[in-house]
Amino acid sequence: MTWWSRLWRRNELEQDLGRELQFHIEERLSSLRRTGLSEDEARRRVRQEFGGIEQVKEDCRDARRMNVLDDLGRDLRYTLRMLRKSPVFTAVAILSLALGIGANTAIFSLIDALLLRPLPVPNPDRLMSISMDAGNGRPEEAYFTYAMFDEIAKQRGIFSGVFTWAGHQFQMRSGSEMIHVDGALASGEYFSTLGVPAAIGRTLTSADDQPGGGKYGPVAVISDAFWSRQFRRNPSAIGSGLILDQVHFTIVGVMPADFFGAEVGTKPNIWVPLWMTTRVNQDHCISSRSCWWLIVMARRQPGVSQIQAQTTLKAMSPRILRDTVPTDWAGTLQKEFLRRRLVAIPGASGWTTLRREFSNPLAILMTLVGLVLVIACTNLANLLLARASARHREIAVRLAMGASRMRVIRQLLTESLLLCAIGAATGLVLAQWSTRLLVAFLDSRGPGFGAPGFGQSASFDLHPDWRVIVFTLLAAITSGLLFGLMPALRATRIGISASLKERAHNVRSGEGPRIGIGRWFLGLQAAFSVLLVAGAGLFAGSLFHLLTLNPGFDPKNVTVIGIDTDKQPEKGVPLIGLYSRLLERLNATPGVRAASLLWFTPLSDSGWDDYVEVPGKPDIPQDERLADINLVGPRFFEVMGMPLLDGRDFRDGDNGTSEKVSIINELAARRLFPNRDPIGAHIVLEKTVSRIIGVAGNAKYMNLREPDPLTLYLPYTQATEGVPSLSFVIKKNSSASIYPAFRAALREVAPDVPVGVVKTMQQQLDDSLGRERLMASLSLFFGLLALLLTSIGLYGILGYTVARRTGEIGVRMALGARRHDVVLLVLRETMSVVAMGVAAGVVAVIAMSRLVANFLYGIKPNDPGNLVLAVLLLIGVAMLAAYLPAVRASRLDPMLALREE
Amino acid sequence: MAKPSPKSDLPQGTLDLLILKIVAIQPVHGYAIAQRLQQISRDTVQVPGGSLYPALHRLESRGLLKSDWREADSGRDAKFYRLTHKGRVHLETQAASWRRLAEAVGLILSLAEEGA
């Protein structure tokens, strides 16, 4: 009776049991009666002999029940005992798995959060993201004009709702300061299409999103976090006012905690109607046909498939584009525009540019990590194989003693599954912790000027999604089954008598149940390790080159603090005056060696470039006249530690009324004025002529990787047509923070101005290398991991091999082989496999070089020095790992070794 | 007369072996097993119900015995046990090792003692 049928028929079995015991009692009674005992006497005797009937019943039940659990328990206990007896094996196996699975899970979590996880809205699979096909077949995230959005929104046949939004940083007063609050301007159907109702109050509707303001005036919806922070979760927040960008808004609703809109990687705190842009942005972007600032998404009508929506939208493209083409564009540009097509792509996981930017690095990382996992699994497989073959005698005996093959296989599988379970659990914990590290790394680009970064705080939902846990479980179970089943099947397949007699024949150099496949694994590990180590070398080399690059300026003790003057009533000359006053105040502050201004912070991946002209030299080709331009203040070069090679610096005398001046860098001087001193010459930018008064040293501008650009510096005091928000760049006397002093100065001079980004120049430098640092450190880590795993695997396998070949070694030594002959013997076999693996790895590196070429700087993927280093490292490590078992083999006493047979 | 404890003093493995052997001869019900064990061993082996039936159920759940209900000599219905193939193999191996053990013990015990 199988255990499951027993479960079903429990009642019947109970009755059965009762009847069976009753029968026994009756029979005994009868026989006692026949010997002449009285009824009472007989009954008493029976009770005495039998014991309590209920107790017996219970024991019988236990006997049945226990069997199933018994077997399982026995297997587990046996397994645990076996594992405890070989702590090194257990530790290595678990560690290998934990690292392999942990690393994979960490990267997968990130990929999940970025690419896969759907928005927390109802029916996210019906959402679509609208973009434009730029003609090369690959749609990129596109920004649209309001006119285009309007037209797309009319496509009610395929879309039940179309919405748009634009990210925005609101200025809000908090206490005595102005701060920035992340938010978004959302169109009328934003909330209704996403389908998430407000937690309290209401969401924004089309009635609110009207030109000139909606029925209820300027209204806003806030996030749960903002509600907690600003209103301490008081429901009276609804109806209260907020002054944002100097406009009074009324709060009408609070969104639930997990809602963040549709842009992955952002966490807006405030949403206001889209048409409020005319007041908060004070521009007419919304009515312009050439202002590209909106992200568009839509929800499919029920019954409309993705393909239908895509084809219909594409078909409507020509008309929509025709109706919205920017009329002030040149004819050729217009024609090019009309050639584009609108594309609807699945938008279940929201909209983000991060996918495109980080897809490649993440893909590379996933591959690296996958390789590590393979190495870890092959390690495990090898170890399990070796163990199984070492125990084949024990297994043979068990089989002979009547254990079914199934039982033995089950026990071996229990072992590997248990190892994998523990490894996976540890890996999951590791993954949690390392995912946070990963995001912190990727987070290194803070919000740039208008560029979406990962956000200052981890705006990713990183808690383990069910997908991640399933992935880990799958990885664990698959490896457990795969790498446990094979050795188990192998080990139990051997003929019993064959292996029992094996002992006598161990002297032959055959290895009994061969670990042939184990050597293949070893070769594979060696190949992958070479790949990883070489890769690590490349990324580390890149980083090193970038780090040791001279950026042209000295970042030591230099801090950059930006302020936001867009909303200030002062414009033009009065605004310049504001900056000057602040600058004066700062230069008088203790702790400040020198302070100046700049527009674009170096190495922030943003800037302004344009073509300059030299009067009298019309024949300089255009691409040699492209210059990077920056607005700076006096003493800028002093602050940045850049040399002024010729002429003079800007000074207070250079203002709006005096002659227009400029400073160029050395490269520009050499290129544009090759044979003469540029001082006194003129240079033209956008029809404005300025006289060159100085030549500064070369410096990197937008990022470290580009070659030194031609640079033109203009004084901020002469930018009278429009002064953008500038940043103060301060050279400090020490490394102490200058921020409090800055805030004090700002409060004195301009209390209504909010502070923007605050960063030291060193931080800026480091951040600009964020991606490189990530790739380098991760690949180094994985390379080392691969080396570690491979060497451990090698050590383990060799240990077993030597243990099993003690007989052969004994004979050899008895026949005169010396110690180092034995060492060589052991080494030679393994090293040949490793060597083959290394060769294969080198070939792989060369083959894959093109894939990573884009990420490297200053080093080619095929760099021979790097390859040689990787190969040497691997061989060295392998020899080291093999050395110990080899030496141990050579130390065997031949007499003992032979007698062991 | 000393009251026998409800549990027998036979170790579990030995009891199993004896039960299997009795059942091997012919299918039999629990009461008969107890009787035969007592008879054949000349009263040396007495297995109370409290040990016998749990053992039978254990052996059955391990697949060494199979049971069905039949009419006993006395006319009542009783649960009869018979040996499965697995049970037979188990019986043979266990019996063989028991015999080896008994032989070894006998050899050691029959050693002449000093001064005897």
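This is a predicted model: local features need pLDDT of at least 70, side-chain atom pairs count only at pLDDT 80 or more; totals for chains, interfaces and linings use all residues.
A few ground rules: residues count from 1 along each chain as its sequence is written, and chains are lettered from A in the order in which they are written. Local features need pLDDT of at least 70, side-chain atom pairs need pLDDT 80 or more, interface totals use all residues, and side-chain values use heavy atoms, without hydrogens or water.

**Exercise 1.** Work out how helix 25 and helix 26 of chain A are oriented to each other.

*Solution.* Start with the helices, which are DSSP runs of H or I with at least four residues, numbered from the N terminus. Helix 25 of chain A spans residues 819–852 and helix 26 of chain A spans residues 864–890. Next, take the axes, lines fitted to C-alpha atoms over the stretch in contact, with angles from 0 to 180 degrees between N-to-C directions. These axes come within 9 Å and cross at roughly 155°. Angles over 145 degrees count as roughly antiparallel, so helix 25 and helix 26 of chain A are roughly antiparallel.

**Exercise 2.** Describe the interface between chain B and chain A.

*Solution.* First, count contacts (heavy atoms within 4.5 Å): chain B gives 26 residues and chain A gives 24. Then get the buried area (accessible area, 1.4 Å probe, lost on putting two parts together, summed over both). That comes to about 2300 Å², with 57% from carbon and sulfur atoms. B:Y31, B:Y53 and B:W69 supply 29% of the area chain B buries against chain A, more than any other three residues. Finally, look for salt bridges (side-chain nitrogen of Lys or Arg within 4 Å of a carboxyl oxygen of Asp or Glu). There are three between the chains; A:E20 and B:K79 form a salt bridge at 3.7 Å, N to O.

Note on methods: Helices (H or I, at least four residues) and strands (E, at least two) are DSSP runs, numbered from the N terminus. Angles under 35 degrees count as roughly parallel, over 145 as roughly antiparallel, 65 to 115 as roughly perpendicular and the rest as oblique.
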